[in-house]
Amino acid sequence: MMNKLDLELYLHIPFCLRKCAYCDFLSFAAPEREYRAYVEKLIEEIHGQREHFQEYRVTTIFVGGGTPSILPGELIEELFAAVYACFDVAEDAEITIEANPGTLTMEKLETYLECGVNRLSLGLQSADDQELACLGRAHTYDDFLKSYQRARQAGFTNINVDLMSALPGQDFHSWKTTLRKVLMLRPEHISAYSLIIEEGTPYYVRYGEGGAGQPGADRDKGGCLDGTCQDSAAAKEDAPAFWTGPGLTGRRMLLSDLPELPDEDTDREIYHAAKEILAEHGYERYEISNYAKPGRQCRHNIGYWTGKAYLGLGLGASSYVFGHRFHNTADLEEYLAADFTSPGAAAQDIQELTLEDRMEEFMFLGLRMMQGVDGSEFLGRFGQNMWNVYGDVFQKLQEQGLIQVEYPVVRLTDLGIDVSNVVLSQFLLGE
């Protein structure tokens, strides 16, 4: 039998119950009747790629979104049947599906296990219901707890919980409370990300430069969280409530009514508390925002950070295969009309990576990992000495205390992690 190359698969399900106020991912609410048409087209794409990956073995599969768990179980069954028919999936493949609390039933969980899913990623974000309401999430902490318990009862032994910090109205105490509640459940993996205010989201209207509620801004121009209110008059008492958690007002909430974000000192305190508290409970920080029990690191994401080939299937999904990077169209009508008898029919922005591109990505993705980057691996991949390429950058960052060098390995220090975006930008060769 020939020695096959490793490949990671990503399957994108763009549907969700509703769009969260901070989210800039390719996701949207849609009528249930659209689910089948989309999955059937995704299955067409899977079959269309079949003959081009016969020399590959799939080592990880990640079903992301959106909210994949919003789909009926039979559609997930059909999707995985197509994957197994078209790709050589390794017996020990890590297979993850993302799920939101409130969308999981025991029947769905049992279906996932029957399909070979062995890792569940639950999007909690916060254990504080008011913080969840501010985010526009469609669940409460109790919804999460029930979903988590169902997953354990169904037989899942590898669960990730997504958390988000620096939320509106959040303080150090509420963050620690969220961590403590989650740690009592003993998940195998925890992802802890800081909120990022992205352009094009309702949160950017509120918290971006000059946004509603900011100094000097016209507060009446801040829309509602769901984008339907154009002025304060729309927030009348008899309007349907947008928020879903307890202790709510029963009226639409203007963006300008949202609490302020934590200040920098609180944000920094929250950030460092996560590392310390999780370490106390046996979670190893293996990437800037990811913590795991020993042996439970997310193999799929590690593949992204270490340059493994991956094929993205579905609306807007990104790929890195055959030395090229590209993504599918983000236009649903265009995707549904694509003829996938022609491989890559929906592919856009196809870019062949240059040697410089690949060296840059090796550095700024690899340095996200706590293990850092290895000069020996750099030499093996690119035929160049890492110190000849980046020696000046290493010297400057080492003098600033932002990197640690243990030849041939370079990794970020704690200070470097704190300002990682600035540090990693130094490895762009064209800058």
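Good morning. I begin with the second largest pocket, which holds about 180 Å³ of space. Please keep in mind throughout that this is a predicted model.

Which residues line this second largest pocket? They are Gln49, His52, Phe53, Leu311, Val321, Phe322, His324, Phe326, Pro343, Gly344, Ala347 and Ile350. Two strands, β11 (324-328) and β12 (347-352), each contribute at least two residues to that lining. Sorted by class, the lining comprises eight nonpolar and four polar residues, with no charged residues.

Rolling a probe the size of a water molecule over the atoms shows where empty space is left. The largest cavity contains about 40 Å³ of space. Its lining consists of Tyr271, His272, Lys275, Arg285, Asp414 and Asp418. Helices α8 (264-280) and α14 (414-418) are the elements that give two or more residues to this lining, and the largest share, three residues, comes from α8. How does the lining of the largest cavity divide between nonpolar, polar and charged residues? One residue is nonpolar, one is polar and four are charged.

The protein has 431 residues, of which 51% are buried. Its secondary structure amounts to 15 helices and 15 strands. Of the contacts with a separation of 6 or more, 68% join residues 24 or more positions apart.

Helix α2 covers residues 73-86, 14 residues in total.

Where is the kink in α13 centred? It is centred on Asp392, and the angle is about 50 degrees. The buried positions of α13 are Met386, Tyr390, Gly391, Val393, Phe394 and Leu397. Their cover includes the helices α11 (355-366), α12 (375-382) and α15 (420-425), as well as the strands β13 (373-374), β14 (403-406) and β15 (409-412).

Thr201 sits in the loop between β6 (189-194) and α7 (202-207). Is Thr201 buried or exposed? Its relative accessible area is 4%, so Thr201 counts as buried. Leaving aside residues up to four places away in sequence, Thr201 touches Ala21, Tyr22, Cys23 and Asp24.

Pro294 belongs to the loop between β8 (290-292) and α9 (299-305). With a relative accessible area of 65%, Pro294 is exposed, because the threshold for that class is over 50%. Pro294 and Glu284 are 10 residues apart in sequence, while their C-alpha atoms are 6.9 Å apart in space.

Thank you for your attention.

Terms used: Residues are numbered from 1 along each chain as its sequence is written. This is a predicted model: local features need pLDDT of at least 70, side-chain atom pairs count only at pLDDT 80 or more; totals for chains, interfaces and linings use all residues. Side-chain values use heavy atoms; hydrogens and water are left out. On a 1 Å grid over the protein atoms alone, a cavity is a set of points where a 1.4 Å probe fits but cannot get out, and a pocket is an open set with protein on both sides within 12 Å along at least five of seven lines; lining residues have an atom within 4 Å of a point. Grid points are joined across faces, edges and corners, and a volume is the space filled by probe spheres set on the points. Helices (H or I, at least four residues) and strands (E, at least two) are DSSP runs, numbered from the N terminus. Ala, Val, Leu, Ile, Met, Phe, Trp, Tyr, Cys and Pro count as nonpolar, Asp, Glu, Lys and Arg as charged, and the others, Gly among them, as polar. The bend at a residue is the angle between axes fitted to the seven residues ending there and the seven starting there. Buried means under 20% relative accessible area, exposed over 50%, partly exposed in between (1.4 Å probe, protein chains only). Contact means heavy atoms within 4.5 Å. The expected span of a helix is 1.5 Å times one less than its number of residues.
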